Amino acid sequence: MLAYVIRRLLLLIPMAVGMIVVTFGLLLLVPGDPAAVLLGPEASPEMIANLRRTLGLDDPWYIRLGAYFWQLLHGDLGRSIFQSAPVSEIIGGRIGATIELAVVALLLATLIGVTLGVLAAVRQGSLIDTATMLLAQLGVSMPVYWLGLLLMLAFAVQLNWLPAIGRGAPMPEAIIAALSGRPQVLWDSILHILLPALALAANSAAIISRLVRTSMLEVLREDFVRTAYAKGLRRPRVVVRHALRNALLPVLSVIGLRFGALLGGAVLVEMIFAWPGLGQLTFSAVSQRDLPLIQGIVLTFALIFALVNLVVDLLYALVDPRVRLG
Amino acid sequence: MNKLLLLTTAIVALGAMPATVTLAQDKAIVIGTDVDAGTLDPRLTRDTTAYRTADLIYAGLVHLTAKLEAVPDLAENWESPDPQTVIFKLRSGLTFSDGSPLTADDVVFTYESVINPDFNAPDRALYSPISKIEAVDPQTVKFTLSAPYAPLLSYLDKGIVSKAAVEAGKDPATDPVGAGPMVLTAWNRGSDIVLKANPSYWGGAPEVTDVTVKIIGDNSARAQAFEAGDLDVIQSPLSPNDIERLKADTRFGNVITAGLGVTYINYNVKDPLLADPGMRQAFSMLIDQNSIVNDIYQGVDEIASSIILPSSWAYSADIKQPTFSVEGAVAKFNELGWKDTDADGILDKDGKKLTVTLSTHSEDPNRVQSVELTQALMQSAGVDAQVQITDWPSFSTNYVQKGLHQIALLGWLNIVDPDRLLFGQLSTGGSTNWGGYSNPEVDKLLQEGRSSLDQAARATAYQKAATILASDLPYFIISDQGYQLFYKQPFPVEVQATPRGNFRGLIGMDE
């Protein structure tokens with residue numbers, strides 16, 4: 001197991017190198033000069049040329065790429081062109097918010113998706129099944145951006161139950177505060193994260209619910225389920241302890257992959273709910289052509305995604321004894 | 001009896017509590033904005049949030065009122081012994097927020113860095129006529145100009161940075177030390193900027209004690225957050241649909257007035273097809289200003305008639321650009337030799353079809369829609385019009401600013417003086433003359449406009465230039481942008497909006 005983990009971790013290096021080269025190549029192809037964006041429309045061509053020289057943008061691509069790798073080897077992600085601060089510092093200050101949002105959204109998606117999927121499977125062909133799958137269809141097809149605005153309109157503007165924007169205290173801090181007798185801090189954090197997490201979770205919940213339904217229907221037809229009933233076990237026990245446990249295996253790998261989709265979706269959700277994470281930062285970095293910052297963000301997202309999938313693979317082996325890692 | 005006493009005490013306590021809480025809360029406001037500040041160094045500000053926040057943290061020699069008049073801020077008064085010299089006398093006892101004294105050296109330091117090419121100040125071109133800045137004594141600063149420069153005062157509201165703080169290694173971009181009415185307490189990048197009142201401001205601390213500038217990129221989400229009570233103030237840019245809804249909501253106060261921006265068509269006059277002013281006139285007649293302003297922008301902007309803003313002292317209603325007329329455009333094209341000789345619905349001349357590319361950027365859906373409408377109208381007039389939409393950096397830096405466009409739709413903001421929309425943009429070789437327009441007579445008038453110190457003479461020069469431009473049409477001004485501000489009611493102080501969207505009018509400072 002340990003050898004497997006080490007091998008997978010080592011594989012992250014070529015993946016990161018590939019990722020950097022691809023991102024760098026794409027940024028070379030995308031039109032738009034960061035020096036001109038930085039200086040604004042009133043800048044003269046001389047000023048732009050001057051800044052391009054200062055930023056090293058006139059150097060050949062292989063020199064710039066080489067310099068970037070050299071910096072990385074020294075643990076330096078470079079400096080943001082626009083925010084005049086180290087990229088690692090900027091990303092470090094925001095990554096927590098995005099991971100928190102993605103994790104809560106993933107938990108919500110799993111909870112909603114599995115519950116609806118199981119309900120639909122055990123009541124196959126009933127009104128519940130149809131309604132659940134209709135809901136899943138909506139969840140899959142509704143753009144996260146639109147859903148976010150609708151949720152805000154309903155729960156913040158009309159009902160005034162939840163805050164429309166912003167983030168409470170970070171969850172770890174909020175939990176510590178709650179444990180030390182200030183539960184309102186945690187409550188405030190939960191209220192703030194509910195709407196963005198729900199908007200982000202909808203699509204994944206829909207996909208998970210469909211998958212759970214299909215998987216459950218297959219498992220419910222297996223011989224061991226019939227045997228369980230024959231032993232006189234009650235339905236809830238059979239469904240939860242026997243069928244669901246087996247049905248969840250294929251779902252587990254999908255949940256890992258959904259984490260990547262959640263990180264991508266966070267870009268739009270964070271924009272709408274003013275969630276101070278990497279998503280908003282990604283949007284502004286791309287629209288400003290802040291090359292070092294874009295590189296840093298892509299690298300961070302890629303590493304998170306790879307690590308989450310590693311964890312999922314390890315969990316898979318734990319849950320299903322038939323799976324051997326190596 | 002006990003119960004009664006308890007009840008009375010509780011009622012009194014409850015009655016007293018909210019009053020105290022309200023008093024404390026009422027002095028804090030939360031302002032919604034669309035972008036995060038790129039920097040808090042007033043010499044390097046590029047975006048509106050940076051500009052507006054820096055205006056609270058720092059103070060300039062002058063301050064521009066809502067009517068764009070320069071009034072004393074750090075400078076107590078100023079005089080011009082000759083047209084190329086301006087001497088400013090600073091108020092006595094000025095200090096920065098860290099307690100250090102603010103002197104003429106700080107003013108010299110600030111403006112010397114702005115005009116230094118290596119410093120890369122985005123608006124350096126505005127200060128290029130300044131040839132020398134000297135500290136005559138700790139309270140006196142002398143500006144020497146290479147030529148008389150009338151708009152100078154409008155640009156001297158730039159915040160003064162502390163020379164000592166910068167030399168001690170403090171970066172004004174992230175760790176600002178200013179002498180404005182507020183000081184920075186926290187800046188959570190991409191989320192919010194938190195400020196508190198500066199008691200050492202020369203005019204005294206403002207009435208509003210705490211300001212939070214909250215960043216919400218999406219216009220509709222920002223409007224909804226305002227309606228939900230999470231924000232106390234929002235302002236342009238806002239979606240036309242949201243403006244209509246908020247206007248009708250009695251919970252909110254509003255200020256809806258003319259802004260300081262224009263939306264316009266930039267013709268590339270270096271393009272052989274567009275070199276002839278007649279062609280530009282014909283194309284301009286295919287721009288349906290009424291539909292763009294009233295349907296697409298739902299009336300939040302005003303139909304423009306010339307390059308001078310209606311709110312400007314130089315405006316004249318007699319100057320008129322061509323107006324929308326498909327028939328007129330077709331007649332003009334025919335007059336210039338473009339006719340549909342092969343009956344394919346597209347005009348042609350010497351075997352060449354009348355093809356043109358319209359472009360704008362993707363971030364503003366209203367601009368995209370305006371371009372699409374114009375494309376349809378051009379096609380109905382026999383022009384094979386193509387549309388090119390790309391994101392802002394590609395569109396601006398790699399396309400329009402390189403003069404690769406034919407007909408581009410874009411805008412200018414912050415036109416505090418007619419010079420700001422004319423000199424760099426339309427004088428020969430101007431730094432932002434992307435369409436390559438050149439007319440010696442216009443050059444002469446624009447130079448006259450910026451160098452004359454008599455406002456009436458300046459107005460005449462600009463009106464003459466605008467008259468030529470309304471027929472030469474290197475620019476076709478579609479609309480004068482409106483400015484909208486909405487605030488919760490009751491608001492802790494009297495709202496004094498300025499079309500520049502500055503925050504000083506929201507914190508109880510008398511404009």
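1. Leu51(A) counts as buried because its relative accessibility is 6% (buried means under 20% relative accessible area, with a 1.4 Å probe and protein chains only). The model is predicted, with local features needing pLDDT of at least 70 and side-chain atom pairs pLDDT 80 or more, while totals for chains, interfaces and linings use all residues. Residues are numbered from 1 along each chain as its sequence is written, chains are lettered from A in the order in which they are written, and side-chain values use heavy atoms, without hydrogens and water.

2. Leu51(A) sits in helix H3 of chain A (helices are DSSP runs of H or I, at least four residues, numbered from the N terminus). Beyond its neighbours within four places in sequence, Leu51(A) is in contact with Ala35(A), Leu38(A), Leu39(A) and Asn120(B) (contact means heavy atoms within 4.5 Å). Ala35(A) is 16 residues away from Leu51(A) in sequence, yet 6.0 Å away in space, C-alpha to C-alpha.

3. How many residues does each chain give to the contact between chain A and chain B? Chain A gives 38 residues and chain B gives 38 residues. The two chains bury about 3,200 Å² between them, 53% of it on carbon and sulfur atoms (buried area is the accessible area, 1.4 Å probe, that two parts lose on being put together, summed over both).

4. Across this interface the rule finds 1 salt bridge (a side-chain nitrogen of Lys or Arg within 4 Å of a carboxyl oxygen of Asp or Glu). The side chains of Arg289(A) and Asp391(B) form a salt bridge at 2.9 Å, N to O.

Conventions
Helices (H or I, at least four residues) and strands (E, at least two) are DSSP runs, numbered from the N terminus. Buried means under 20% relative accessible area, exposed over 50%, partly exposed in between (1.4 Å probe, protein chains only).
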